[in-house]
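Thanks for coming. I have one structure to go through today, so please look at the sequence and the model first.

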Amino acid sequence: MTNAKYESLVTQIKICVQCDLSKTRKQAVPGEGSLNSKIMFIGEAPGASEDAEGKPFVGPAGKVLNEMLQSIGLTREQVYITNIVKCRPPNNRDPNPQEIDRCWKYLEEQMSIIDPEIIVTLGRHSLGNFFPGELISRVRGKPRRWKNRTIFPVYHPAATLHNPRLRPALQEDFQNISSLISNFNSDIDAKTSKDQEDLQLSLEFNTNHTSTPKEPSDTQQKVSKNIKQQRLI
Ligand code: SF4
C-alpha cells in the first residue's frame with residue numbers, strides 16, 4: 001500500500017539530524033511492514049545489522065522475531081515493525097532520554113498513520129516508554145490499555161539469545177498475541193454481521209412502508225459504509 005503521508009514521514013526520518021545519533025549512524029531505520037496491519041511491534045533501537053541494512057530486526061534478534069511470528073502463522077509482511085528511536089546508538093548503548101524525546105514524534109506519526117489496535121513492546125526499554133517504571137518480568141504477557149490501544153509487553157527477542165531460559169516465556173506470549181488477534185477478529189465479524197442485519201431490516205422497513213422504493217437514507221448509507229470493519233490481520 002502506498003501512502004503519501006507515510007512516504008513523506010520515511011523521507012523525514014532518513015534525513016533527520018535532530019539528535020546526535022545522526023552523527024554515528026550509517027543510515028536511519030524508519031520501520032517496515034504492512035500499513036494495513038492493526039498490530040505493531042516496537043523495539044528499542046536499531047543494532048549493527050539494522051544500521052547496515054536500513055531495516056528493523058534483521059540481525060540475530062530479528063531471526064528470533066521471525067520464528068516467533070512464524071509460530072503463530074504470521075509473516076513480517078503482515079505486521080508493522082519499528083523501534084522507539086530510528087538510529088543506532090554507538091556500541092549499542094541505550095538511547096538517552098533526549099534522543100528518545102527527539103525521536104518520539106516519528107513513532108507518534110507512525111501510530112497515527114497505521115492506527116494499530118495492538119502494540120507489542122519488545123523488551124523493557126520499549127515498555128518503559130509507555131509505562132515508566134514497570135518491570136518487564138512482572139507485566140510481560142499482560143495486555144493493558146494505553147490511549148485507546150492495547151499494549152502487549154513481551155521480552156526482547158535478543159534477551160532470549162543471552163538467556164535461553166526466557167524463550168518459553170516469549171513463545172507463550174506470542175501464543176497469547178495470536179489469541180488476542182483471534183478475539184479481536186471475532187468481535188469485528190460479529191459486529192459486521194449485526195450491522196448487516198440491522199441495515200437489511202431497515203431497508204426492508206422502508207420498502208414495506210412506502211409506495212415507491214426510497215433511496216437509502218443518510219443514516220443507512222453511513223451504516224453501510226461502517227459495515228466494512230477492519231480485521232486485525
Ligand atoms: S534517532 Fe530519531 S531524532 Fe535522532 S537523528 Fe535519528 S531519526 Fe532523528
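I will start with E50. Leaving aside neighbours within four places in sequence, E50 is in contact with V29, K55, P56, F57, V58, G59 and R88. Contact here means that the C-beta atoms of two residues, placed from the backbone, lie within 7 Å. E50 is found in helix α3, residues 48-53. Helices are DSSP runs of H or I with at least four residues, strands are runs of E with at least two, and both are numbered from the N terminus. Is E50 buried or exposed? E50 is buried, because 26 other C-beta atoms lie within 10 Å. The cut-offs are 20 or more other C-beta atoms within 10 Å of a residue's own for buried, 12 or fewer for exposed, and partly exposed in between, again with C-beta atoms placed from the backbone. E50 and G62 are 12 residues apart in sequence, and their C-alpha atoms are 9.3 Å apart in space.

Two points on what you are looking at. This is a predicted model, in which local features need pLDDT of at least 70 and side-chain atom pairs count only at pLDDT 80 or more, while totals for chains, interfaces and linings use all residues. Residues are numbered from 1 along each chain as its sequence is written.

Now the overall picture. The protein has 10 helices and six strands. Of its 233 residues, 31% are buried. Among contacts with a separation of 6 or more, 73% are between residues 24 or more positions apart.

Next, the core. A nonpolar core is a set of buried Ala, Val, Leu, Ile, Met, Phe, Trp, Tyr and Cys residues joined through C-beta atoms within 7 Å. The largest one has 42 residues, and M40, F41 and V120 have the most contacts inside it. Elements that give two or more residues to this core include β2 (39-43), α4 (60-71), β4 (118-122) and α9 (167-208). The largest share, five residues, comes from α4. As for V120, its contacts, apart from neighbours within four places in sequence, are I39, F41, F152, V154 and I177.

Let us stay with α4. How far apart are the end C-alpha atoms of α4? They are 17 Å apart, which agrees with the 16 Å that its 12 residues should span at 1.5 Å a residue. The expected span is 1.5 Å times one less than the number of residues. In α4, the residues A61, G62, V64, L65, M68 and L69 are buried. They are on the same side of α4, because they cover an arc of only 155 degrees around the axis. That arc is taken from the directions from the helix axis to the C-beta atoms. In general, an α-helix has 3.6 residues a turn, so residues three or four places apart point the same way. After α4 comes G73, with a positive phi near 75 degrees.

Q171 also meets this part of the chain. Q171 sits in helix α9, and, leaving aside neighbours within four places, is in contact with M68 and S71. Q171 is partly exposed, because 15 other C-beta atoms lie within 10 Å.

Now the backbone angles. Most residues other than glycine have a negative phi. N91 is not a glycine, yet has a positive phi of about 55 degrees. N91 is in the loop between β3 and α5, and counts as exposed because there are 7 C-beta neighbours inside 10 Å. D115, also not a glycine, has a positive phi near 55 degrees. D115 is in the loop between α5 and β4, and is partly exposed, with 15 other C-beta atoms within 10 Å.

P116 lies in the loop between α5 and β4. P116 counts as buried, because there are 20 C-beta neighbours inside 10 Å. Not counting residues up to four places away, P116 touches K38, I39, M40, M111 and R149. P116 and N36 are 80 residues apart along the chain, and their C-alpha atoms are separated by 8.7 Å.

Last, the ligand. Which residues come nearest to the ligand? Of the 14 residues around the ligand, these are C16, C19, S22, C87 and C103. A residue is near a molecule if its C-beta atom, placed from the backbone, lies within 6 Å of it. The shell divides into nine nonpolar, two polar and three charged residues. Nonpolar covers Ala, Val, Leu, Ile, Met, Phe, Trp, Tyr, Cys and Pro; charged covers Asp, Glu, Lys and Arg; the others, Gly among them, are polar. Both α2 (21-24) and α5 (97-114) supply at least two residues of the shell, and α5 gives the most, with three.
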